[in-house]
Amino acid sequence: MHTQEEAVRLREEVSYKRFYPDLDVNDDVVFTKETGGPGQMGGDDENASLLQYMTSWKQLIVNDTITMEKLGPQIKHAEFKRCGIQISQLNPQGRVNKQYLRYGYGTQNGRCCALDKKTYCKKTDILLRHKNEYFADISPYQVNFKVEYDMDEQDDLFLRHLNESFSNPRNKITHELFEIIITVLENEAFHLEKKIPPRVSPTSTNDTHESHAAWKHHELYGSDDGTGYPMDQPCAVCGGIECDNSNAIVFCDGCDIAVHQECYGVVFIPEGQWLCRRCMISKNRKIGCLFCPSTTGAFKQTDNGSWGHVVCEIWIPELYFGNLHYMEPIGGIENIPKSRWKLVCYICKQEVGACIQCSNKNCFAAYHTTCAKRAGLYMNFNGCTVQEAASKSMPPGAFLESYCHKHSPKGWNDCEEGIRKTREYFKHVNDHETLLNTVVPTNSNNSTQKTTKNKWKTSRGTLIAPQKFADIVQMILKRFHIPETERISFDFCKYWTMKRELKRGAPLVRKFSPSSLNTLSSEELQDRIAFSELLLQDLNQLEDLASTFVEKHKCNVKKVEKSKICYDIAFHPVRYILRESVWDNLSKSSSFKTFMQLEESAGLDILRPIEQKLTKDEYESIYEFKSEVIEKLSHIVEDGNYPRLLTITASKLLQTFQSYICKIDGIDIKSLLNDDFDIDEKTHKIEEVAWKGRKLLMREDLSDVEDLSIMEERQLKGALRD
């Protein structure tokens, strides 16, 4: 094992004194500028080549030896698609044409709140006073119509395509009208889907044919991505089933794999469906991992356009992620040595991809990461998180550990059955591919073609817009004086269907329908009610806990304030009692304020030095402070050189001061504190005295009880006998 000092370290992680022991950071550095020198970099091309060289290599130190190492693809510049909408095209004032205000535009910008002056106003408050029935004669489902759809860049491109077909620019469809039409289609689809009978399962139980097939496949061949488990489906990367709000488990709506957010780089969970990278990019095309023979699991693309498992990147030490937040793309393929590519997996018996090896130093058994997961071999993260393992920057003491079935730790399950299932799985896959390659293709003309007539939904479950939808859109377009309404309405319905198909049948506008609860049985409703009551109890407990936390915080604030007061009394007793009893009360009096104004106008400096000394705690006793204040004020009163108004104000201020100082005059605050408390000025500890006798003995210079002499003992015994 190499120590941390002997490991590979970046140049930035090593002190500059190792490279330049004689360099003094306090010395001045002289810079000279030369032009046209023979050895000087002259020209933008040379500077660009130098910059490219400097940004493509990294200086490392390995065992006190400086080396140059080329960086991987993680230094590529970020690529982005430029938005087609210019900033100048945006409307900064947010104004909307008046003809669209009646359909819900602009109502939230203070219009509804102006009708009723409340501190809170809902968007639907305006509907209580004015029912929007502009489309009620077209369809009964458009009563109280309000625009709910927001355009995106894809919609803007389609709208430009439609507007290009108009010869007259005045007939163009606006963005507001586009959102109105899509909202109308969503309203119609929302009510139509309620009337379409759902697909009835051939069995009345919840165990569908697909789930039975998945369970059977798991029993026969195992699983390397967590699918097919009869109970909780684990994460396809880490294999765990625990999750929380910050690291939830999400399921792909395409392939049904489950992954943690941190294990797959899901920064935020989108509303509606979520697709993994394979289902999003290459759903209808079979892909394979570059590092193993498995075609199932959580895939991410590599920096050269291939595909690889996330779990393969984690366990193969030469691989890394270009972006750790999104955990893609997979880079470092060129860093994998040729010897790793030539390893043969002892589980699947295939020389495919890059294998890892048993952690036992005397064992050279090689196996694919997914083969090890399917066979159930020992694979442990040993305290490091998936993010740390993916970044290859694990904390001290944490490391990845994997063993073959012969060297598994004690207590680990027997992997012989898992290895047999894995080999059967790949045998089945290879036989199936051979059968597909040998099958003679049949003539497509002889096959029975399925009719699409009277088809309500696509294969993905997307609602196909009927003719009724096109008629409604056509009538709305006529109201806005748009030509060629029939063609435009068909184009809108086609685009709306394809937009939904892209989202796998999900609605473009989210709506909640209380009538959907009617499809639940009484037992399911009781379960939801019980769950709601449980949530209500948790919310009440959370409210009590929050109030308790607030009270605790208030008590802590009071404790800090009281501790500060105790500190001032213990270590600055004279200043504290003078401020609390005399100076603060004196500064609030009218005579003090008048005296300070007169003092400033006359250019005198009488009470300000006293206040500064009091703030710095320079007075040793109350008597010293009293004497100085009385001396200065009496001097102003008795001296006739000062203005009369200042003399009168000083006389009043002196009387006010004497009325306050008499309450504490003669008090020795330090002695009183010393009798009741033990104050340590070094450690700033304050402890209450349990017995005052010790303090009194020290003050009176008395000692404890002394031993009696022989003569005194005899006299005492004689007195006791008498």
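A salt bridge is counted here when a side-chain nitrogen of Lys or Arg lies within 4 Å of a carboxyl oxygen of Asp or Glu. Side chains of opposite charge can pair when their charged atoms come close. The structure is a predicted model, in which local features need pLDDT of at least 70 and side-chain atom pairs count only at pLDDT 80 or more, while totals for chains, interfaces and linings use all residues. Residues are numbered from 1 along each chain as its sequence is written, and side-chain values use heavy atoms, with hydrogens and water left out.

Across the whole structure, the search finds 19 salt bridges. Helices (H or I, at least four residues) and strands (E, at least two) are DSSP runs, numbered from the N terminus. Glutamate 628 is buried, at 16% relative accessible area, whereas lysine 632 is partly exposed, at 26%. In these terms, buried means under 20% relative accessible area, exposed over 50%, and partly exposed in between (1.4 Å probe, protein chains only).

Other salt bridges reach across the sequence. Aspartate 224 pairs with arginine 374, with the closest N and O atoms 3.3 Å apart. Because aspartate 224 lies in the loop between α6 (209-221) and β4 (249-251) and arginine 374 in helix α11 (residues 369-375), this pair ties together parts that are 150 residues apart in sequence. Aspartate 224 and arginine 374 are both buried. Glutamate 318 and arginine 340 also form a salt bridge (3.3 Å, N to O). Here the loop between α9 (310-315) and β8 (320-323) holds glutamate 318, and helix α10 (residues 338-341) holds arginine 340, so the pair joins parts 22 residues apart in sequence. Both of these residues, glutamate 318 and arginine 340, are buried. A network of salt bridges links Asp152, Asp155 and Lys499.

Glutamate 401, in strand β13 (residues 401-403), is buried yet has no salt bridge. The nearest side chain of opposite charge, lysine 361, is 12 Å away; Lys and Arg count as positive and Asp and Glu as negative, while His and the chain ends are not counted. What does the side chain of glutamate 401 make a polar contact with? The partner is the side chain of tyrosine 403, at 2.4 Å. A polar contact is a pair of N or O atoms within 3.5 Å; within protein, one must be able to donate a hydrogen and the other to accept it, and residues adjacent in sequence count only if both atoms are side-chain atoms.
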